[in-house]
Amino acid sequence: MPSPLLQLVLVLFLITSCGGGSGSSSQPNQVQTAAQTSSNASSSASTTDDRTDNTTPSCSEYQSETSNSETQTETPANIQRCALRHGGLDRVFYMYVPTSYSNSSNNRPLLFSLHGYTSSALTNLSYTGFESPANTNGFIVIYPQGSILQSTGATHWNVGGWTTSSTTDDVSYIETIIDYMLIEYRIDPDRIYSTGMSNGGFMSYRLACELGTKIAAIASVTGSMTPETLAACEPAHATSILQIHGALDNTVPRNGTDGMKPIDEVMTFWQMNNRCDETPETKAISDLTLDGFGGTQSKYSNCENGVEVSLYLLDQMGHEWPLSGAHDLDAPSAIWDFLSRFDRYGLIQ
C-alpha cells in the first residue's frame with residue numbers, strides 16, 4: 001500500500017488535473033488540499049443518512065469571521081446564509097440582496113453564480129464582482145455550494161465527464177432554490193439566469209439543457225459541456241448563450257479533451273439549436289491592458305426569438321475569471337449586460 005505521503009500526492013494530482021478547476025491569478029487560489037476542501041464544504045455532506053429532507057431553507061445573516069472554517073476571505077454586507085437538506089445531503093447557499101431591491105415593488109431578476117471544481121460558494125462570491133451590477137440593477141445573486149465528490153474528496157457540480165461517479169442531483173437542488181426564491185422574494189420568473197466559473201460553467205450549460213422551463217439564459221466562464229451533457233441536451237426553448245474563454249486555458253482547453261467538448265463544437269450546438277446564422281459575426285476585442293494582446297468576439301445572430309450565441313476569446317488569458325484592469329474584458333459587467341437583454345421568451349422588447 002502507498003505511504004500516506006504518496007496517497008496525499010495522488011489526491012492532490014486528481015484535484016488539480018481532472019478538469020474544471022478554477023485557480024486564477026486574478027482571484028484567490030482555489031486549488032486546495034482535500035482536507036481544506038472538505039472543511040470548506042462541511043455543510044454539504046458527502047454521505048447520506050436516514051434524516052428526512054427539509055427543502056425549505058433556513059436563512060440568517062452571514063457574519064464573516066476569520067475563525068469560520070467556511071472562508072478565509074472578506075464578504076460584503078447583506079449576505080444571507082441559507083441551509084437546507086436535499087437529496088440526503090446537507091446543502092447551503094449564500095444570497096446577496098442589494099439595497100436597491102427594497103426600493104422597488106417590481107419583480108427582480110435572479111442570478112446564480114456557481115463556483116469551480118474544488119472551490120466554494122464564498123470564494124466565488126469573493127472574486128466574481130457581481131455586487132456592483134446587482135446594486136445598480138436591483139437583481140439578487142445566489143451563490144450555491146457544491147457537494148463533495150467521493151472519488152476525489154473535492155467540491156463539485158455533477159456534470160458528467162470527470163464527475164461521472166457523482167450521485168448528487170444538482171439540477172433538482174438548483175430548482176429547489178428557485179422555487180423557494182419565487183415564494184419568498186419578488187422574483188421575475190422569466191428572468192432567472194445562471195453563470196459560473198469552470199465546473200460552474202459546465203453546470204450552467206446543464207441547467208440550460210435540463211431546466212430551461214426556469215432558466216432564461218446562461219453565461220459560462222472557462223467552462224464547456226461534457227459529452228454526457230451534450231448528448232442528453234434538450235433545451236426547452238431557444239436559449240441565449242455567452243461563453244468567455246482564454247486561448248491559453250490548459251485546464252479546459254479550447255480544443256477539448258475526452259471529458260469535455262471543444263468550445264467551437266459547443267457554440268455550434270447552440271447555434272443550431274437556436275436556428276442562428278451559420279457564420280458568426282466577428283470583431284476584435286480591444287487591448288485595454290496595453291500588453292499587446294486583445295481577443296475576438298464571435299456572435300451568431302438572427303436566432304429564433306432574437307436570442308444570441310456569443311463567444312469572447314481572450315488571447316492572453318488562461319483559466320481565469322477576467323476583471324477590469326487585469327484583463328481586456330470585465331466578466332461581471334459583460335455577463336450582466338448580455339444576460340439582462342433576454343428572458344425565457346427570447347430578446348426583451
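Q: Is H6 mostly covered or mostly open?
A: Mostly covered: eleven of its twelve residues are buried, meaning under 20% relative accessible area with a 1.4 Å probe, protein chains only. H6 is a helix, here a DSSP run of H or I at least four residues long. This is a predicted model, where local features need pLDDT of at least 70, side-chain atom pairs count only at pLDDT 80 or more, and totals for chains, interfaces and linings use all residues. Residues are numbered from 1 along each chain as its sequence is written, and side-chain values use heavy atoms, without hydrogens or water.

Q: Which residues of H6 are buried?
A: Among them are Asn199, Phe202, Met203, Tyr205, Arg206 and Leu207.

Q: And how far does H6 reach?
A: From first C-alpha to last, H6 (residues 199–210) reaches 16 Å, close to the 16 Å expected at 1.5 Å times one less than its number of residues.

Q: Switching to the largest nonpolar core: which residues have the most contacts inside it?
A: Phe112, Ile140, Ile142, Met181, Met267 and Trp270, in a core of 53 residues. Such a core joins buried Ala, Val, Leu, Ile, Met, Phe, Trp, Tyr and Cys through side-chain atoms within 4.5 Å.

Q: Where does the largest share of this core come from?
A: Helix H5, with seven residues.

Q: What does Ile140 touch?
A: Leaving out residues up to four places away in sequence, its partners include Met95, Tyr101, Leu110, Met181, Tyr185 and Ile187, with contact meaning heavy atoms within 4.5 Å.

Terms used: Helices (H or I, at least four residues) and strands (E, at least two) are DSSP runs, numbered from the N terminus. Buried means under 20% relative accessible area, exposed over 50%, partly exposed in between (1.4 Å probe, protein chains only).
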